Amino acid sequence: PIPLEEVDFSKNIEGLYVSGTVYQIYDYYRETFRLTGQQISRDYVIKADDYHYMALQMRHTDFEQADTLMYATQSYLAGEDDGILLEDVRIEVIGVITKMSSQHEEAFEEYMDRENLGTHTRQFYLPYYIDTASQGTGRMAEAVSYIVAGIGNFLIGCLVLYVAHYMTEK
């Protein structure tokens with residue numbers, strides 16, 4: 001993966017596989033659920049570099065860690081602590097930078113409206129998110145396909161040997 005601090009956000013960033021440390025999470029603005037009501041993911045607002053903000057999509061298994069950093073960030077910004085806690089709760093992320101869908105971007109816009117972010121500030125918000133759920137999925141799918149093919153070949157080989165042995169017995 002490319003280190004997040006080395007990404008040039010003035011260029012096409014879609015599809016980049018990145019890793020990095022997130023030191024602050026400002027808020028979350030969107031959650032996704034299964035039809036059963038089980039929460040799948042949550043989209044947080046992070047600082048991508050010195051000038052840009054973007055979203056970070058975290059799986060439900062990572063909410064506690066992300067929420068801890070979000071609450072520490074909010075406390076720091078409200079002047080309730082000196083920021084030392086932020087060093088203790090930073091998180092490491094790996095994922096693919098993905099362009100927001102129209103629904104996703106609409107939720108992001110609604111968040112910026114709620115926060116009363118003006119036009120000048122909005123120009124620094126990128127319509128992309130880091131999809132941590134997709135980390136390594138391409139390689140994993142490829143590995144699984146090789147394993148399945150290997151098992152299939154092994155079973156066919158066993159069947160051929162069994163049939164050959166059975167035929168020589170008769």
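## Basis of the model

The structure is a predicted model, in which local features need pLDDT of at least 70 and side-chain atom pairs count only at pLDDT 80 or more, while totals for chains, interfaces and linings use all residues. Residues are numbered from 1 along each chain as its sequence is written, and side-chain values use heavy atoms, with hydrogens and water left out.

Strand β5 covers residues 53-59, and six of its seven residues are buried. Here, buried means under 20% relative accessible area, exposed means over 50%, and partly exposed lies in between (1.4 Å probe, protein chains only). Helices (H or I, at least four residues) and strands (E, at least two) are DSSP runs, numbered from the N terminus.

Two strands pair if DSSP finds at least two bridges between them. Strand β4 (residues 39-47) pairs with β5 in the antiparallel sense, over seven bridges. A hairpin of five residues joins β4 to β5, and I46 stands opposite M54 in β5. Strand β5 also runs parallel to strand β7 (residues 125-131), to which four bridges join it. In this pairing, A55 stands opposite Y129 in β7.

## Aromatic pairs

Rings of Phe, Tyr and Trp (its six-membered ring) pair if their centres lie within 6.5 Å; planes under 30 degrees apart count as stacked, over 60 as edge-to-face and the rest as tilted. By this rule there are six aromatic pairs. One of them is edge-to-face and is formed by Y26 and Y53, at 5.7 Å centre to centre with 70° between the planes. Because Y26 lies in strand β3 (residues 25-33) and Y53 in strand β5, this pair ties together parts that are 27 residues apart in sequence. Y26 counts as buried at 16% relative accessibility, and Y53 is buried with a relative accessible area of 19%.

A tilted pair is formed by Y29 and F108, at 4.9 Å centre to centre with 50° between the planes. Y29 lies in strand β3 and F108 in helix α3 (residues 102-114), so this pair ties together parts that are 79 residues apart in sequence. Both Y29 and F108 are buried. Ring pairs link Y26, Y29, Y53, F108, Y111 and Y125 into a cluster.

## Charges over rings

A charge sits over a ring if NZ of Lys or CZ of Arg is within 6 Å of the ring centre and within 35 degrees of the ring normal. R42 lies over the face of F63, at 4.1 Å from the ring centre. K99 lies over the face of Y128, at 5.3 Å from the ring centre.
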